[in-house]
Amino acid sequence: FLEGWLLAQPGPQGLPFFVNYSSQQYGAGSQNFCMVQDRRGFLYVGNHNGVLEFDGSEWRLFQIPNRSEIHSLALDAQGRLYVGGQRDFGYLLPDSVGK
């Protein structure tokens, strides 16, 4: 027999930490369709204007050749980022200096 209430996480402790970013902050369209996170912790977002990359402090936008919306993203076992847009499919790789 238990008396009273048991609370696993009383008050605001244990609540997830969220940060909301506006489209003005990340510099692209307001519609986002998909997300993946790579081994480095970088976040990639399929956006109305292309692929957004977020390293925890800066946003970068990569547009595919036909400048279509990005509706699908996937990472393979080697960390290659596959990108699916309207009538286009390919992958992104870092350049010679890792960008």
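Residues are numbered from 1 along each chain as its sequence is written, and side-chain values rest on heavy atoms, with hydrogens and water left out. Since the model is predicted, local features need pLDDT of at least 70 and side-chain atom pairs count only at pLDDT 80 or more, while totals for chains, interfaces and linings use all residues.

The chain holds 1 helix and 7 strands, where helices (H or I, at least four residues) and strands (E, at least two) are DSSP runs numbered from the N terminus. Read from the N terminus, the order of elements is α-β-β-β-β-β-β-β. Of the 99 residues, 26% count as buried; here buried means under 20% relative accessible area, exposed over 50%, and partly exposed in between, with a 1.4 Å probe and protein chains only. Among contacts (heavy atoms within 4.5 Å) with a separation of 6 or more, 25% come from residues 24 or more positions apart.

We can turn now to the sheets. Strands of a sheet pair through backbone hydrogen bonds, either parallel or antiparallel; in this description two strands pair if DSSP finds at least two bridges between them. E1 and E2 pair antiparallel over 5 bridges, and Gln 37 stands opposite Leu 43 in E2. The hairpin of these two strands, E1 and E2, has 5 residues between them, and in it Gly 41 takes a positive phi near 95 degrees. E2 and E3 also run antiparallel, joined by 5 bridges, with Gly 50 in E3 as the bridge partner of Asn 47.

A further open sheet has 3 strands in the order E5-E6-E7, again with antiparallel pairing. Its edge strands are E5 and strand E7 (88-92), each pairing on one side only. Neighbouring strands of this sheet are turned against each other by 20 degrees on average, direction ignored. Strand E6 (residues 81-85) is joined to E7 by 5 bridges in the antiparallel sense, and Val 83 stands opposite Gly 90 in E7.

Side chains of opposite charge can pair when their charged atoms come close. With a salt bridge taken as a side-chain nitrogen of Lys or Arg within 4 Å of a carboxyl oxygen of Asp or Glu, the count comes to 5 salt bridges. Asp 38 and Arg 40 meet in one of them, with 2.8 Å from N to O, and Asp 38 is buried at a relative accessible area of 13%. Arg 40 also forms a salt bridge with Glu 53, at 4.0 Å from N to O. This pair links distant parts of the chain, 13 residues apart: Arg 40 sits in the loop between strand E1 (32-37) and strand E2 (43-47), and Glu 53 in strand E3 (residues 50-54). Glu 53 is buried, at 9% relative accessibility. In another salt bridge, the closest N and O atoms of Asp 55 and Arg 60 are 3.2 Å apart. Both residues are partly exposed, Asp 55 at 29% relative accessibility and Arg 60 at 25%. Through shared partners, salt bridges join Asp 38, Arg 40, Glu 53, Asp 55, Glu 58 and Arg 60 into one network.

Glu 69 lies in the loop between E4 and strand E5 (70-75). Glu 69 is buried yet has no salt bridge, and the nearest side chain of opposite charge, Arg 87, is 9.3 Å away; Lys and Arg count as positive and Asp and Glu as negative, while His and the chain ends are not counted. Its side chain does make polar contacts, with His 48 at 2.6 Å and with His 71 at 2.7 Å. Such a contact is a pair of N or O atoms within 3.5 Å; within protein, one must be able to donate a hydrogen and the other to accept it, and residues adjacent in sequence count only if both atoms are side-chain atoms. Leaving aside neighbours within four places in sequence, Glu 69 is in contact with residues including Phe 33, Asn 47 and Gly 84.

Asn 47 itself belongs to strand E2 and is buried, with a relative accessible area of 0%. A polar atom of the Asn 47 side chain lies 2.7 Å from the backbone nitrogen of Asn 49. Not counting residues up to four places away in sequence, Asn 47 touches, among others, Tyr 26, Phe 33, Leu 52, Glu 69 and Ile 70.

Terms used: Axes are lines fitted to C-alpha atoms, for helices over the stretch in contact, and angles run from 0 to 180 degrees between N-to-C directions.
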